[in-house]
Amino acid sequence: MKNASAAFMSAMASPSRMIRGKVVVVDGGLTSEYGYANKLQSIEQEVSAVKGKMFGAVVSYKSTIKLIDVKNAVQVNVGAKASPQIGINGELLPMTPVYISSNTFDEVKGIRTLIGEDAIGFTDKYIWNDIKGDLGNTFIIQDVFAAIANKIGIEFMITGELPNINAVYTKATFNVNGDETLRQILTAAAEATGAMVFINGNGKMEIKMLSNTIALAIDKNTQFNLSTEPSSSLSGIISINELNDMISVGNNSSYVSVISVNPFIDPTDDSS
């Protein structure tokens, strides 16, 4: 979530504006800054999440940063941390930082392209057994969020109240094989708490439930409307158990949310 001042929003909505950006790269003990007047050509940031997750999801960011490097003098190593910023005049908003995984140089155009993914990408490199020892014999979902954040080397924060965040589980009976990736565990925890999990502009893993309050709005005069005919709504839920049996509720005439096996959810518990 990015918060901006009224002056920032007014400038963004004006008929004439100059959008500026900056990237701060931390590579080992060296910090370099590339701005609109110093090599930076463009910043593109893509957002991705697992489709069909309507009750919580893990969102990840991927950035493509292009630098003007005619003399082939810019040196950025794989693993370096790049923190993009974008804004109007002197007010720049931090975008999700990424870790460089690709560095290519176009000798003809003199353009260096850096591609990186946020810290969520690290969760694919570890499995449940890698954090199992960090949890007690009994634990809550918040403990799992904390253990995952600690494993990938970042801080985490919880924004607002989340259902089930303090639900208690026993390590001995927790329904996992042990080889599930931490991204799979993180997705299951997000689904069980109805939360969106993402890396915010400060580089922290933020867990929050989306609300109806808009923090960064687009003025009516500068927005476009998207509509569907006829209108669509969630009309069914499908639960898939370990035997791939599908249990559906609803008329399935529109969008359907699919909930597969989730170690944090007991499908036999109808108390809620």
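**Figure 1. Overview of the predicted model.** The protein has four helices and 16 strands, where helices (H or I, at least four residues) and strands (E, at least two) are DSSP runs numbered from the N terminus. The model is predicted, so local features need pLDDT of at least 70 and side-chain atom pairs count only at pLDDT 80 or more, while totals for chains, interfaces and linings use all residues. Residues are numbered from 1 along each chain as its sequence is written, and side-chain values use heavy atoms, with hydrogens and water left out. Of the 272 residues in the protein, 37% are buried; buried means under 20% relative accessible area, exposed over 50%, and partly exposed in between (1.4 Å probe, protein chains only). The protein exposes about 16,100 Å², and carbon and sulfur atoms supply 50% of this area. Accessible areas come from the Shrake-Rupley method with a 1.4 Å probe; for residues, only the protein chains shown count as cover. Among contacts with a separation of 6 or more, 61% are between residues 24 or more positions apart, a contact meaning heavy atoms within 4.5 Å.

Figure 2. Strand S1 (residues 19-27) runs antiparallel to strand S5 (residues 81-88), and eight bridges join them. Two strands pair if DSSP finds at least two bridges between them. Gly-21 has Ile-86 of S5 as its bridge partner. S1 also pairs with S2 in the antiparallel sense, over six bridges, and here Val-26 is the bridge partner of Thr-31 in S2. S1 and S2 form a hairpin with two residues between them. In the turn, Gly-28 has a positive phi of about 70°.

Figure 3. Glu-33 forms a salt bridge with Lys-22, with the closest N and O atoms 3.9 Å apart; a salt bridge is a side-chain nitrogen of Lys or Arg within 4 Å of a carboxyl oxygen of Asp or Glu. Glu-33 lies in strand S2 and Lys-22 in strand S1, so the pair ties together parts that are eleven residues apart in sequence. Glu-33 is partly exposed, with a relative accessible area of 48%. The structure holds five salt bridges.

**Figure 4. Salt bridge between Asp-69 and Arg-112.** The closest N and O atoms of the salt bridge between Asp-69 and Arg-112 are 2.9 Å apart. This pair links distant parts of the chain, 43 residues apart: Asp-69 is in the loop between strand S4 (57-68) and S5, and Arg-112 is in strand S8. Asp-69 is buried, with a relative accessible area of 2%. Arg-112 counts as buried at 7% relative accessibility.

**Figure 5. Salt-bridge network around Arg-183.** Glu-117, Asp-124 and Arg-183 are linked in a network of salt bridges. Asp-124 is partly exposed, with a relative accessible area of 41%, whereas Arg-183 counts as buried at 19% relative accessibility.

Figure 6. The structure holds eight aromatic pairs. The rings of Trp-128 and Phe-174 have their centres 5.0 Å apart and their planes at 35°, so the pair is tilted. Rings of Phe, Tyr and Trp (its six-membered ring) pair if their centres lie within 6.5 Å; planes under 30 degrees apart count as stacked, over 60 as edge-to-face and the rest as tilted. Trp-128 lies in the loop between strand S8 (111-117) and helix H2 (129-132), and Phe-174 in the loop between S11 and helix H4 (182-193), so the pair ties together parts that are 46 residues apart in sequence. Trp-128 and Phe-174 are both buried. Ring pairs link Trp-128, Phe-139, Tyr-169, Phe-174 and Phe-264 into a cluster.

**Figure 7. Helix H3 and residues with positive phi.** Buried residues of helix H3 (residues 141-151) include Ile-141, Val-144, Phe-145, Ala-147, Ile-148 and Ala-149. Just after H3, Gly-153 takes a positive phi of about 80°. Lys-39, a residue other than glycine, has a positive phi near 80°. Lys-39 is found in the loop between strand S2 (30-35) and strand S3 (40-49) and is partly exposed, with a relative accessible area of 33%. Asn-164 is not a glycine either, and has a positive phi of about 70°. Asn-164 is placed in the loop between strand S10 (156-159) and strand S11 (168-170) and is partly exposed, with a relative accessible area of 44%.
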